[in-house]
Amino acid sequence: MTKANAATGVKAEYAQKVADDLAANQSEQDRVRDELARLQDELVQLEESGRVLVEMQGVLGISSKPTGKSVRKTAKVPAARIPKSEAAAKKTPKTGRSSKSAAEPSTRGKTRTTKAATAQRAGGPSWIELIGAYLAGQSEPKSSTEIAAGVAEAHPQRGVQVTVVRNTLEQGVARGVIERSKQGRSVYYQTAPAGAEATDDSKATAV
């Protein structure tokens, strides 16, 4: 067999295969067209039946409910957000507690002063007695600030104030039971040499 005859045979073989594939393709196209036509007819029949059923519902007074693909998913409504102002208002009680806590030191101070006054009214020692007792135990003169610190340490319930101590010291100096001395600009106090004690009038004095 010559090369020309072999090439012709191969070409004829490919031509036949292509013809067979084309015939199969056209046959499949015909089948799909027939199926599509059948489905279209079925769809038309279903649509017609659907219209009839809707009309029947209208006659019977029945409200139709969407079904199938026509049903739309209801979007979830997000929960309402609380405005910042309302959130801050809800936290107000906590802030109130903080404010109360911040105000407690001054309240404790008032309570301490009240307790001191109550103790003195109930027959407790007067300021002149407290200061005199403190100075009696000192070996050298003390300033009013040092005396106030010493009395406060010995009697924390009295709510000692430097101004009160200073005024009481001056009263003691005026009555002769306390001596006052100066060293430069500083003023110091000590018990009078005779060991004088506060009089009944001074005991009754409440500064």
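Me: How far apart are R38 and E35 in helix α1, in terms of helical turns?
Reply: In this predicted model, R38 and E35 are three residues apart in helix α1, so about one helical turn separates them.

Me: What do three residues have to do with a turn?
Reply: An α-helix has 3.6 residues a turn, so residues three or four places apart point the same way.

Me: What kind of link do R38 and E35 form, and what is the distance?
Reply: They form a salt bridge, and the closest N and O atoms of R38 and E35 are 2.4 Å apart. In general, side chains of opposite charge can pair when their charged atoms come close.

Me: How many salt bridges does the structure hold?
Reply: The structure holds eight salt bridges. One of them pairs R180 with E170, where the closest N and O atoms are 2.5 Å apart. R180 is partly exposed, with a relative accessible area of 46%, and E170 counts as partly exposed at 30% relative accessibility.

Me: Changing topic: how many helices and strands are there?
Reply: The protein chain has seven helices and two strands. Starting at the N terminus, the elements follow the order α-α-α-α-α-α-β-β-α.

Me: What about the core, how many residues has the largest nonpolar one?
Reply: The largest nonpolar core has 15 residues. Among those with the most contacts inside this core are I131, L135 and I147.

Me: Which helices supply it?
Reply: Helices α4 (127-136), α5 (144-154) and α6 (162-175) each supply at least two residues of this core. The largest share, six residues, comes from α4.

Me: What does I131 touch?
Reply: Leaving aside residues up to four places away in sequence, I131 touches I147, V151, V165, T168, L169 and I178.

Me: Which residues of α4 are buried?
Reply: The buried residues in α4 are W127, I128, L130, I131, Y134 and L135. They cover an arc of only 165° around the axis, which puts them on the same side of α4.

Me: What is on the face turned away from that side?
Reply: That face of α4 carries the exposed residues A133 and A136.

Me: Which residues are buried in α5, then?
Reply: In α5, the buried residues are S144, I147, A148, G150 and V151. Viewed down the axis of α5, they fall within an arc of 165°, so they line one face of the helix.

Me: What do they pack against?
Reply: The buried residues of α5 pack against α4, α6 and β2 (186-191).

Me: How much of the whole chain is buried?
Reply: Buried residues make up 14% of the 207 residues in the protein chain.

Me: Which residues form a nonpolar patch on the surface?
Reply: V52, L53 and M56 form such a patch, and together they have about 270 Å² of accessible area. M56 is found in helix α1 (residues 3-60), and M56 is partly exposed, with a relative accessible area of 45%.

Me: Last one: what share of contacts joins residues 24 or more positions apart?
Reply: Among contacts in the protein chain with a separation of 6 or more, residues 24 or more positions apart account for 54%.

Definitions and conventions. Residues are numbered from 1 along each chain as its sequence is written. This is a predicted model: local features need pLDDT of at least 70, side-chain atom pairs count only at pLDDT 80 or more; totals for chains, interfaces and linings use all residues. Side-chain values use heavy atoms; hydrogens and water are left out. A nonpolar core is a set of buried Ala, Val, Leu, Ile, Met, Phe, Trp, Tyr and Cys residues joined through side-chain atoms within 4.5 Å. Buried means under 20% relative accessible area, exposed over 50%, partly exposed in between (1.4 Å probe, protein chains only). Helices (H or I, at least four residues) and strands (E, at least two) are DSSP runs, numbered from the N terminus. Contact means heavy atoms within 4.5 Å. Patches are made of residues with over 30% relative accessible area and no salt bridge: like charges are joined within 9 Å, nonpolar side chains (Val, Leu, Ile, Met, Phe, Trp, Tyr) within 5 Å. Accessible areas come from the Shrake-Rupley method with a 1.4 Å probe; for residues, only the protein chains shown count as cover. A salt bridge is a side-chain nitrogen of Lys or Arg within 4 Å of a carboxyl oxygen of Asp or Glu. The arc is that of the directions from the helix axis to the C-beta atoms.
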